[in-house]
Every structure is written in structure tokens, then in C-alpha cells.
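Visitor: I am new to this structure. Please show it to me, and then I will ask about the terms.

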There are 2 protein chains.
Amino acid sequence: MELTRRHALAAAAGVAAAPLLPAISANAAAPMADKQAPSFYRYRVGDILVTVVSDGQNVFKYEDNFIVNARKEEVAAALEKAYMAPGMMTIYFAPLVLNIGGKVVVVDTGNGPVANKNSKGANGLFADNMIAAGFDPAKVDTVVISHFHTDHVNGLLTADGAPAFPNAEVLVPAVEWKFWMDDGEMSRAPAGRMAGLFKNNRNVFDAGLKKKVTPYEWGKEVVPGLLAVESIGHTPGHTSYVLSSGSGKVFIQSDVTNNPNPFATNPGWHAFFDQDGEVAEKTRRRVYDMVVAEKLMVQGFHYPFPGLGHVEKDGSGYRVVPAPWNPVI
Amino acid sequence: MELTRRHALAAAAGVAAAPLLPAISANAAAPMADKQAPSFYRYRVGDILVTVVSDGQNVFKYEDNFIVNARKEEVAAALEKAYMAPGMMTIYFAPLVLNIGGKVVVVDTGNGPVANKNSKGANGLFADNMIAAGFDPAKVDTVVISHFHTDHVNGLLTADGAPAFPNAEVLVPAVEWKFWMDDGEMSRAPAGRMAGLFKNNRNVFDAGLKKKVTPYEWGKEVVPGLLAVESIGHTPGHTSYVLSSGSGKVFIQSDVTNNPNPFATNPGWHAFFDQDGEVAEKTRRRVYDMVVAEKLMVQGFHYPFPGLGHVEKDGSGYRVVPAPWNPVI
């Protein structure tokens, strides 16, 4: 096989005359061709239609304390094995829109319009992509929040701080709500990241939504077909879901892992963003052993888009095998 | 973890009143929500913009002779491991559109409009999806064909048999052209599949294109940046490509394997659609050893959409690790 690059155009073998061509193609410069496809993807779970809507990505240089219980060289090797550029980590974000029982239900809301501006369009894409997918934010009936990190809640507000889903009931985990709205917890929060999260949550839920939310309990369906299940550790009230209809069933994991490579591959790693690393690891192993045993497909908020996969045991960890893209539904 | 499905809506904990909701969501029934996203995906290779455009899929019950040198139980086990439904196989199709050196270049054309009708829209989606991606078939400068199977050439014609890319030069592998246009070869072709392929190729290239094609040679660039490389066995003139610009390089494999799971996983398998199974296997191993050694990403026509992946050795075979979807370019 000849792999040397040659710059000469292959000589035509002269069998037939080529048709006359325009010297410059008008199409080559078409503006559409310079934009990624609006990143949404649909699949069915029984009677439920799931639309995965990308909120974009965050590519960043990771710090020494990115994984608090692993050496930097180990982390570097794992990320290189996951085909990331040296020293860099990529995190993806994918909220869901469900057509379920005649209602439109949003699950998590992405980084929001301020992050969209600050990231120069790398994330905060949920609003635009959900509109591209044919949804009107004003017609969303219900928004379900899994936990109170910025990449899940900041899309609840528009750029000017108003509710982004003005006619929706906003459902939040009762335990999560209690933790972040507790003034004592806020006063005891370490300066920096945790204090910033409290401040952000007060801005979103207090200033923005005027506390118009409905807390929900684990072990119950938040909407018919969407069962809330406890999966704490990442945050005190972190919630996953079992989505089911007829014989269809998918486990919506939220942040049980972040990007599966390296975090499903290395389930013992405690990332700085897991509030309680020990508990998060226990949850991760419990959930992944369960989805492997039950052969449940997993929808991961931080899996690469479109984020639906099968989970297999792989040595001491797990491997997420992306479900093939179905070009028709 | 409580996985029992409960049909009662979670009782609201009563912290705040929910806003009034319309009884039925107008959005839930919106027509867009029932269609898959137009399946195209863009990435850059140096200065070249690649748009992968799905032509859809073919889900079929495989016959005993699907793999000519493996027992049916082995095949069944491998396909089940690849998460296919019992007895079923899925094949995906993904032609490319390249913005390259000021021109618009199509690489392979999918199953075409007749297959689109016959498959009830499961495949033959290339034309619609390329238009959704912002391309005008009338403004395509060049069409490059890898080999003369129906899923690669039938998109060259419209439903009424006219050229689908009326202003494009059509480039074909010289060896492939010679084989399928040879009347002696056609007369010796076994009845059934091979005779059907000859008939189809005469219809596409003779009746449809009036032989207005330009044969190209291996080891040369068919357009600047797109090097044609011999990868025979699947057909006598089967061609792959190295696409390169600056430091960017991708191996466009065409049909060196079909769906990588099971065909990269089991490189020794000879599928009925490999015209010379022995030669196809030799090519497959040579190409995959090369892409592993050179760490070349591979774009596969039959890989699940969007079909770009890294290749790793995996036991006696290979594993294709899909590249994560980049939501922005």
C-alpha cells in the first residue's frame, strides 16, 4: 500500500471526456457547511420518545488535583489511552427531552446562556439545539433536575435571569433542595468551588425561579414512566432515573460517572467534582454492577453524544459500548 | 436501589405551588418530534472539511451462508455480543462530502432513490441528508466511487435514471471499471448476485451516465489531498483513500470491513459479499495492522454513523473505538 502523499492530481486515463466544470464551486463556501449538525438524537423506549440534546462540551487542561486519589501520571496515561490530547480532558453534556404521556419533559438543562457566551459557544447549546429539534421552551410542561451543579441547572434561566421554561413545573430532588437551600450548610461551605455552587444555586432557584419548584422523593415516579432513584455521592441528593414503557427500559444515570473513559474504566477514581468521593465510588460500583447484571442500557449526561450505551465488565472496571446511531426511528 | 416501577406520580412535597399547566401539551404532538435528526456530522482534517452523511441502514435476517467460513452458531454468538437482535444483522451506510481545495467532492453515493422506496425509507437517505447538510447536488464538482456495489453507486442516479450530480466529474477505480464493463467477465458471472451486480452497473454507468466517467489509478491523488490506495478482495478494484491536509490524516477504508462488530472483531471471517474472501482477509489484516501501527483514524463506510474511529488490536482481531462526537467544529 502506497501511503506517500502526492500532490499531483491523478492523470485521467482518458476513457471518456469529463463534463465542463465551473472553476470555483459556489457550494464550497456555503455558510451551512461550516457549522456542526444541530446535535440531537431520538430513540424510543416503549411509547416514550427520547430526544438527546447536546449542550456542547468543555475541553480543559486538567490540574494536579483533578483526580484526588490517583497520581497525575496514571491519569495522564488513562486520558491518552482515551485519545485525549496530552494534558487535556473533555467533558460532554447532554440533557434530555422526553415526549411522555402527552407531555414534554426536560431532564436537566445544561450550562445555560451565560456559559454559552463565556465558552464562545463550546457549551450552553441546549436551548438552541432543542429548538433545532422542534421543541418550544415555552411549551415544556415539566423540567426534572437530577442535582444542583451548574451544568445541570444553569439552563433553567435565560441570559437575563428569567425562567427559560416559563410554563413548566420544575421538579427537584427533595434531599438536594434541602441541602443547597440550607443557610447553615451554605455558611459552612468552604470558600471557592463549594461556596460558588451555593451562590449559583441561590441565584438560579431564589432570584431566578423565586423558589417555585416541586421537590420529589426517591423510589417514586416523578412523571409516569420516569422513576427517581437515589445515587448519592456526587452530590448529597444526586438522582438517577429508570425510564420505562412496555418492555423498554433505560437507566438514566445522570453523573454516576462523568465521561466513561476514564471514569467507568477507573471506577475507583475520585474526581474533585464528586462531593463525597467514597460514597460516589460505592454508588458507581453498585449502579454499574446492577446495569451489567440487568443488561440495562445507560443514558449518560456526560457520555459522548448521543450518550446511550451498553455497559460491560472490563477487568477491574467497566466499558461503555456506545449504541449504534439509528438513522431512522 | 429501588427499581420497581410505580405508576403513581411522585407526591409533591408541598414546598411551593406549581405554576398552572395546560392540560395537554401542544408540543408533544409536534410533527418534527417524530423524525430522526438529519444524520450528518462534520469534522476537519487540516484545511479539509469532512461531512459524513448517513444513507441509512439495512436490518435483515441473515442466512446460513452469511459468513461462508464460520459456523452459524459462532456468527449468532458474535452478533448477540454486538447487541443485535437474535438472527438479525444491521449494516450502516455513510458516504462523505468533502470541502477540499475549493471544491465539493462526494465519496460514494449510497443505495439511491429506488432502494429508498423499496426499503420504506430505511436507506437511500444520502440525497435528503446531504441537502439537510446544506449541499446542492447540482453544485457537486466531483464524485469519487470506491467500488461498484449497489450501496456505493446507485445514488449516482435519480429516481428516473438521470445523473444525480449533473455537473460533477465521476471518478472510478480503473481496475474496477475494467472488470465490470468487460463483456467477457459479465458473460462468465454466476447467475444470481454477481449477474445482478453486472446488470446494475451497466444500468448505472451505461444507461444512466453514458460512460461519462474518469478512471483513476492507485497511488495517486484523485483530488489534491485524497490519495487512492489499493485494497482489493471485496471487489477486484476496491479502493480506500488516505485523506490528508497539514498534519491531519484519516484513512477512508471503504469496505475493508463491513460493520466493525463483527467484522473487525473477526477479521478472518469471509462474508458472502466479499468477492474474493481470501484476498479480502489479507487486505483487511494488512490495512488494520497498518492503521494500528500508524495510529491512523479510520472512516468506515459501514461503521455506525458517524463512522470515524480509532482502531486497536484486541486479541486475535481488532476493536474500533468510535471517536467522540464533537458538538462544535
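Predicted model: local features only at pLDDT ≥ 70, side-chain atom pairs only at ≥ 80, totals over all residues.

Visitor: Why is strand 8 of chain B called mostly covered?

Guide: A residue is buried if 20 or more other C-beta atoms, placed from the backbone, lie within 10 Å of its own, exposed if 12 or fewer, and partly exposed in between. In strand 8 (residues 169-173) of chain B, 5 of 5 residues are buried. Glu169(B), Leu171(B) and Pro173(B) are on one side, Val170(B) and Val172(B) on the other.

Visitor: What makes strand 7 of chain B and strand 8 of chain B a pair?

Guide: Strands (E, at least two residues) and helices (H or I, at least four) are DSSP runs, numbered from the N terminus. Two strands pair if DSSP finds at least two bridges between them. Strand 7 (residues 142-144) of chain B is joined to strand 8 of chain B by 3 bridges, and they run parallel. Thr142(B) stands opposite Glu169(B).

Visitor: How do you know that the span of helix 9 of chain A agrees with its 17 residues?

Guide: The expected span is 1.5 Å times one less than the number of residues. For helix 9 (residues 277-293) of chain A that gives 24 Å, and the end C-alpha atoms are 24 Å apart, so the two agree.

Key
Residues numbered from 1 in each chain as written. Chains lettered and ligands numbered in written order.
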